[in-house]
Number of protein chains: 2
Amino acid sequence: MSATARFAGLTPLLAPRSIAILGASNDATRIGGRPIAFMKAAGQFQGAIWPVNPNRTEVQGLPAYPSVAALPETPDAAIIAVPAALAEQAVEDLGARGTKAAVMFTAGFAEVDAAGEAAQARMVASARKHGMRLLGPNCLGVFDGRTGYYATFSSSFDSGWPVPGRIGIASQSGAYGTHLYTLARNRGIGASLCIMTGNEADVTVGECIGWLAENPEVDVIAAYIEGIREAPGLIAAFEAARAARKPIVMMKVGRSALGSAAAKSHTASIAGDDAVTEAVMAEFGVHRARTSEEMLDIAQTATRRIYPAGNTLGMITLSGGAGVLVSDVAEQLGLAMPPMPEQAQARLKGLVSFCAPRNPVDATAQVGNDLALLEPFYESVLRDGGYASVLGFFTMVASSRRWPSMLEVLNRVRARYPDRLHVLSAIAPAEVTRAMEADGWVCHEDPSRAVTAIAAMGRFGAAFAAPAPAPAPSVPPVSLPAATPSEAAAKQLLSAAGIACAPEAACADPAAAVAAAERFGFPVVMKILSPDILHKSEIGGVLLDVADAAAVRAGFATLLDRARAHAPTARIEGVLVAKQLKGGVECILGIHRDPVFGPIAMFGLGGVFVEVLKDVVFRRCPFGADVAETMIRSIRGFPLLDGARGRARADIKALAAMLARLSAFAVAAGPRLASVDLNPVFAMPEGQGAFAADAVVEVAP
Amino acid sequence: MSATARFAGLTPLLAPRSIAILGASNDATRIGGRPIAFMKAAGQFQGAIWPVNPNRTEVQGLPAYPSVAALPETPDAAIIAVPAALAEQAVEDLGARGTKAAVMFTAGFAEVDAAGEAAQARMVASARKHGMRLLGPNCLGVFDGRTGYYATFSSSFDSGWPVPGRIGIASQSGAYGTHLYTLARNRGIGASLCIMTGNEADVTVGECIGWLAENPEVDVIAAYIEGIREAPGLIAAFEAARAARKPIVMMKVGRSALGSAAAKSHTASIAGDDAVTEAVMAEFGVHRARTSEEMLDIAQTATRRIYPAGNTLGMITLSGGAGVLVSDVAEQLGLAMPPMPEQAQARLKGLVSFCAPRNPVDATAQVGNDLALLEPFYESVLRDGGYASVLGFFTMVASSRRWPSMLEVLNRVRARYPDRLHVLSAIAPAEVTRAMEADGWVCHEDPSRAVTAIAAMGRFGAAFAAPAPAPAPSVPPVSLPAATPSEAAAKQLLSAAGIACAPEAACADPAAAVAAAERFGFPVVMKILSPDILHKSEIGGVLLDVADAAAVRAGFATLLDRARAHAPTARIEGVLVAKQLKGGVECILGIHRDPVFGPIAMFGLGGVFVEVLKDVVFRRCPFGADVAETMIRSIRGFPLLDGARGRARADIKALAAMLARLSAFAVAAGPRLASVDLNPVFAMPEGQGAFAADAVVEVAP
């Protein structure tokens with residue numbers, strides 16, 4: 001790890017050269033005894049292990065020290081396993097001694113009550129004063145099966161030691177983190193390193209992800225998160241992982257109202273807004289897994305390090321049934337399964353007349369029975385089909401006596417195409433599957449799970465290969481008023497940032513009105529302009545569809561006549577001429593401030609789309625027009641902007657430019673900007689722009 | 001099985017007392033050798049096994065017969081494993097001999113080409129002439145691990161024999177059927193019986209499901225389907241299963257365009273319309289599984305035979321993290337997790353002050369360490385919480401040394417609540433998990449999968465407990481014209497069936513117009529009525545919002561004046577008075593004819609909902625108003641009918657009545673009715689009815 005790495009500060013915590021255990025116990029089943037017992041049993045830890053216990057001179061066969069001050073050297077890290085009442089002093093002692101990191105198992109702080117929260121805050125202050133990082137409190141710690149570092153009291157090792165491997169796990173929940181780790185280990189998936197952050201008083205899961213991203217021993221990161229507490233660490237971690245081409249697979253729970261409530265009752269977590277976290281994950285190509293199984297499937301497949309940016313799937317099967325299923329799943333996930341070239345299909349038909357060679361390539365059972373046919377079929381799918389990923393469905397044939405000789409053929413072909421993702425859907429004894437996986441195959445019994453994992457590799461590849469997004473547009477400095485401005489003032493603020501509001505002009509005489517109308521283009525709307533006439537349409541004070549200069553002049557006279565007739569005493573300032581927005585699609589653009597991620601932009605279509613269907617998309621601000629256009633294209637109702645139902649196609653470029661400018665405005669406006677609502681925005685037909693017809697800019701006091 | 005059972009005709013096929021093997025081979029690895037080898041090796045088949053082979057007197061140690069005619073008795077069933085060229089004769093020989101059933105492995109028929117299709121049709125005709133049922137051709141056959149009947153050449157048994165159990169599998173795909181069976185067996189899930197229908201020239205998967213529904217040895221049915229070929233068998237099967245309270249878990253593949261194409265290239269399957277098949281499954285409470293894993297999880301859980309109609313989930317966990325995840329999944333699946341009663345929460349807080357007793361009940365790790373606490377916690381969730389289903393999250397604790405004593409406590413409590421569904425999310429060695437399952441627990445490592453299975457039990461319960469739906473409304477006989485009628489004639493046909501079209505009347509004089517308007521209720525629309533004036537609105541020939549009798553009289557005069565002024569020579573027949581449909585919600589009601597399931601009703605909201613969002617629901621015709629209302633309430637846009645965005649709530653009862661009448665009309669109209677489109681239908685505010693404003697009835701020539 002380079003010295004300039006952003007997250008190198010966690011190295012004493014996550015890979016220390018020496019460790020003290022405060023509250024060290026001679027009893028290997030107690031939380032203060034387990035880490036020592038684990039490190040001794042595993043026997044790999046190269047550093048010093050220093051038990052601290054004022055009542056013993058020896059703990060589990062190791063010399064014990066009465067206090068932190070009495071330690072022979074300053075430890076890189078320390079485990080705090082003392083009762084809550086002693087924890088604050090332990091932090092202070094360690095900090096004073098110059099220890100760089102502490103792992104605090106001790107519970108009873110922010111997760112319990114306000115007094116605990118206050119104590120936790122004091123410990124963090126103490127640690128920071130001394131430049132010490134603190135993992136926890138109320139955490140299950142960290143372990144690294146590769147180095148034999150076990151700063152944890154997890155009971156996972158009752159059933160076995162970590163399987164060496166290149167997946168790193170970071171989890172806020174200790175129980176779920178070790179659950180994942182245990183599932184992985186039982187499946188033979190190598191996940192050596194596992195970090196659990198508990199209360200996150202100091203060290204956050206985001207920073208741990210960042211450290212894993214910078215760790216050359218780790219290729220893939222699996223994370224379990226309930227709520228994000230700080231954005232910069234997480235964003236930097238996501239950036240580091242993407243730069244290093246390391247996929248992140250993440251479960252983010254607490255997405256439901258019920259789940260959020262459960263999260264809040266648990267380890268004092270800020271669940272945050274799930275949709276915003278999801279948007280941030282999508283921004284960086286982080287895969288959101290819905291189940292631990294999906295997470296491990298994808299993490300395991302990712303350890304092959306084949307991430308095809310333009311993923312395609314070819315399938316070879318000995319029976320048609322699974323081909324239908326796989327086609328369904330691939331289509332649902334947007335994974336292309338283009339057909340084999342016609343010539344190749346004809347060639348395969350020449351080998352087995354009743355095969356179905358299109359893709360899925362149903363080679364039929366005959367190919368299972370005649371090994372001489374298997375090689376040309378598999379080869380053809382790779383060579384002629386040219387698919388980035390190939391799935392072979394061999395089901396229980398992989399449990400049969402024929403399998404070793406079939407696998408030999410498949411291996412021979414695979415060796416000729418090492419850049420492809422070779423996946424088998426096969427039912428084989430566990431030891432056979434393990435051997436195939438060790439040999440470079442990806443194996444999934446369930447073809448649906450195989451396709452899900454394959455599709456994820458393509459999305460990782462696309463995220464890694466994506467060009468840097470365009471910069472956000474630059475907007476002039478924004479000077480917010482002291483309080484929420486009027487609509488007119490809001491429109492002025494936005495207009496200054498280049499956000500087009502429906503053009504309108506106050507015109508004192510017919511010539512000015514004609515000039516304004518000609519500037520806007522016809523037709524226009526004309527409205528009587530008087531501070532004394534509030535309900536203009538009731539007195540006939542609004543004219544629509546004013547089509548030319550003559551009509552503007554006539555309209556000016558008509559409006560003044562009507563105003564004088566209905567309200568003889570009203571002050572008449574003239575006429576408001578506005579561009580008539582007709583034939584546009586109503587959209588909603590907005591900004592709200594997320595407590596963690598700051599200003600967040602929203603885009604949706606107006607009316608039922610937002611209010612009934614919640615068909616909206618979010619993105620962290622600021623961003624450029626390319627990102628904005630991707631957002632616009634991602635909503636379900638996009639066809640309405642794209643010419644569905646015989647409409648004109650909307651000016652998507654202008655809409656995207658407005659959304660990008662709004663995102664830059666939100667950042668430029670600073671933290672006092674609470675929200676912006678542009679509702680409706682009219683996306684006019686192509687080439688005619690997009691205009692906010694109404695605007696609210698909410699300013700925090 | 002009772003003699004009156006609908007599907008008893010398949011008993012000779014699926015549970016024969018004697019079996020002949022045509023094309024019997026002495027080579028136990030060939031398709032004509034495998035069934036004999038399997039039945040001999042398993043050694044359980046109680047009936048006679050008669051190899052037929054003109055070239056041998058003995059096959060695999062059994063006396064062989066030169067021909068069907070030479071058999072000592074008529075076999076109940078026969079396996080046909082002869083080359084395609086001999087298959088037709090084999091069918092004829094067996095039929096002539098009086099054999100009741102044949103399982104045809106032989107391929108090369110409808111799945112290959114037109115000649116094969118013709119040969120297949122001849123075989124079916126021959127079998128039907130003799131009253132013989134035919135499974136296949138091109139099928140992997142059937143086996144029953146309980147009776148030792150192996151009319152299959154599946155290679156599944158290379159890796160083990162069936163696990164006895166009460167799940168029956170029916171699959172169109174042989175490979176996927178045995179894939180499922182093998183996955184089940186490897187997980188220790190008892191699925192003794194497995195039927196694979198191949199080309200379905202005669203026996204369909206629907207009938208097989210029906211036979212399983214009537215079989216007292218089967219509790220749960222798992223089915224894999226690519227396309228349904230005939231409806232009555234499947235519907236009767238679904239009805240039989242529901243009547244017997246046997247859950248059906250079904251994978252229906254070919255839902256995507258790609259999957260459909262793959263299905264069509266495979267075993268000549270008619271993929272049919274996936275949405276229609278899904279609607280039929282929903283009608284009968286059949287669970288549609290998306291993966292084989294989900295299918296087996298649910299089938300296995302269902303073997304507990306606990307199907308709570310009003311399902312609720314209580315969760316007990318030793319850590320909070322999984323509780324958040326489970327809450328998310330439950331909410332997404334609509335599975336209620338009501339909180340524990342306040343008093344019970346207080347009591348649990350009294351036991352462990354820092355526990356989170358709401359639900360999920362996070363008992364904390366302390367309860368894992370102190371067995372005396374586990375019993376009152378688990379008991380309280382069952383007794384005080386009263387949940388129909390309880391999930392315990394014990395993760396790798398179930399792999400620890402503490403587990404046997406913890407399980408003892410859990411078993412003690414479980415025994416007191418035998419009517420509840422007790423589920424464990426636990427990571428334990430396979431043999432421990434098997435033992436717990438044998439003892440009555442449902443075990444899933446993954447909590448998400450556990451919740452999915454629990455939710456499915458509730459849906460089965462709700463389907464079993466649902467009252468019989470209301471009968472479809474009766475409509476008078478429908479006499480369709482020879483060809484597609486005009487809109488007016490279509491509206492007359494529909495009106496006769498009680499489907500309200502926007503009421504309109506041709507009125508020759510003002511008095512008639514007033515009478516019509518008063519009949520319809522105000523306001524009304526008035527339109528000039530003349531065969532010579534096509535574009536009425538262009539000459540001011542349409543009046544909206546005509547609010548009272550005086551206005552009708554005035555309007556009548558105005559319209560006639562305008563008509564005469566603009567078109568002095570036009571023949572004026574009077575004025576059309578129509579109820580003005582305003583303030584209603586636009587809907588679309590339709591009928592189309594599915595090639596398999598006959599007339600299918602569709603309901604959706606007008607505009608973007610149908611065209612862009614595909615927000616529609618389907619149902620087999622006919623049905624009553626209760627079903628129609630459920631359909632209406634099921635679409636995503638339903639809030640628009642239910643008063644969203646400040647609208648009046650729509651007359652859902654009237655809309656449901658119209659939809660039900662339309663379904664009855666579709667059946668009454670008979671097979672010449674190709675389609676009906678009522679678009680738009682205005683669902684008026686509550687109490688004001690629903691009216692079709694436009695109607696197309698398409699009649700097939």
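**Exercise 1. Find which residues touch the most other members of the largest nonpolar core, then list the contacts of Ala102(B).**

Start with the term: a nonpolar core is a set of buried Ala, Val, Leu, Ile, Met, Phe, Trp, Tyr and Cys residues joined through C-beta atoms within 7 Å. Buried means that 20 or more other C-beta atoms lie within 10 Å of the residue's own; with 12 or fewer a residue is exposed, in between it is partly exposed, and the C-beta atoms are placed from the backbone.

Next, the count. The largest core holds 492 residues, and Ile80(A), Ala102(A), Ile80(B) and Ala102(B) touch the most other members.

Now zoom in on Ala102(B). Contact here means C-beta atoms, placed from the backbone, within 7 Å. Leaving out residues up to four places away in sequence, Ala102(B) touches Ala77(B), Ala78(B), Ile80(B), Val91(B), Leu94(B), Ala127(B), Met132(B), Leu134(B) and Leu135(B).

A word on the ground rules: this is a predicted model, where local features need pLDDT of at least 70 and side-chain atom pairs count only at pLDDT 80 or more, while totals for chains, interfaces and linings use all residues. Residues are numbered from 1 along each chain as its sequence is written, and chains are lettered from A and ligands numbered from 1 in the order in which they are written.

**Exercise 2. Work out the strand order of the seven-stranded open sheet in chain B, and say which strands stand at its edges.**

Helices (H or I, at least four residues) and strands (E, at least two) are DSSP runs, numbered from the N terminus. Two strands pair if DSSP finds at least two bridges between them.

Walk across the sheet and you get E9-E8-E11-E10-E12-E13-E14 in chain B, with mixed pairing. Strand E9 (149–152) and strand E14 (287–288) of chain B each have a single partner strand, so one side of each lacks a neighbour in the sheet.

At the E14(B) end, strand E13 (residues 248–252) of chain B pairs with E14(B) in the parallel sense over two bridges. There, Met250(B) sits opposite Arg288(B).

**Exercise 3. Describe the surroundings of strand E12(B): its burial, its partners and its crossover.**

Burial first. Six of the six residues of E12(B) are buried, so the strand is largely enclosed by the rest of the structure. Val220(B), Ala222(B) and Tyr224(B) point one way, while Ile221(B), Ala223(B) and Ile225(B) point the other.

Then the partners. E10(B) runs parallel to E12(B), joined by five bridges, and Ala170(B) has Ala223(B) as its bridge partner. E12(B) also pairs with E13(B), again in the parallel sense over five bridges, with Ile221(B) opposite Ile248(B).

Finally the crossover. E12(B), helix H7 (residues 231–243) of chain B and E13(B) form a right-handed β-α-β unit; that is, with the strands pointing away from the viewer, the path from the first strand over the helix to the second runs clockwise.

**Exercise 4. Determine how chain B relates to chain A, and what chain B brings to the contact.**

Superpose by least squares on the C-alpha atoms of residues with pLDDT of at least 70 in both copies. A rotation of 180 degrees, with 0.1 Å of shift along its axis, puts chain B on chain A at an RMSD of 0.2 Å. That's the relation of a two-fold axis.

On to the interface: 70 residues come from chain B and 70 residues from chain A. H5, helix H8 (257–264), helix H10 (292–302), helix H11 (321–333) and helix H21 (608–611) of chain B each supply at least two residues to the side that touches chain A. H11(B) gives the most, with 10 residues. And 100% of chain B's interface residues are also interface residues in chain A, so the copies meet through the same surface.

Technical notes: Contact = placed C-beta atoms within 7 Å.
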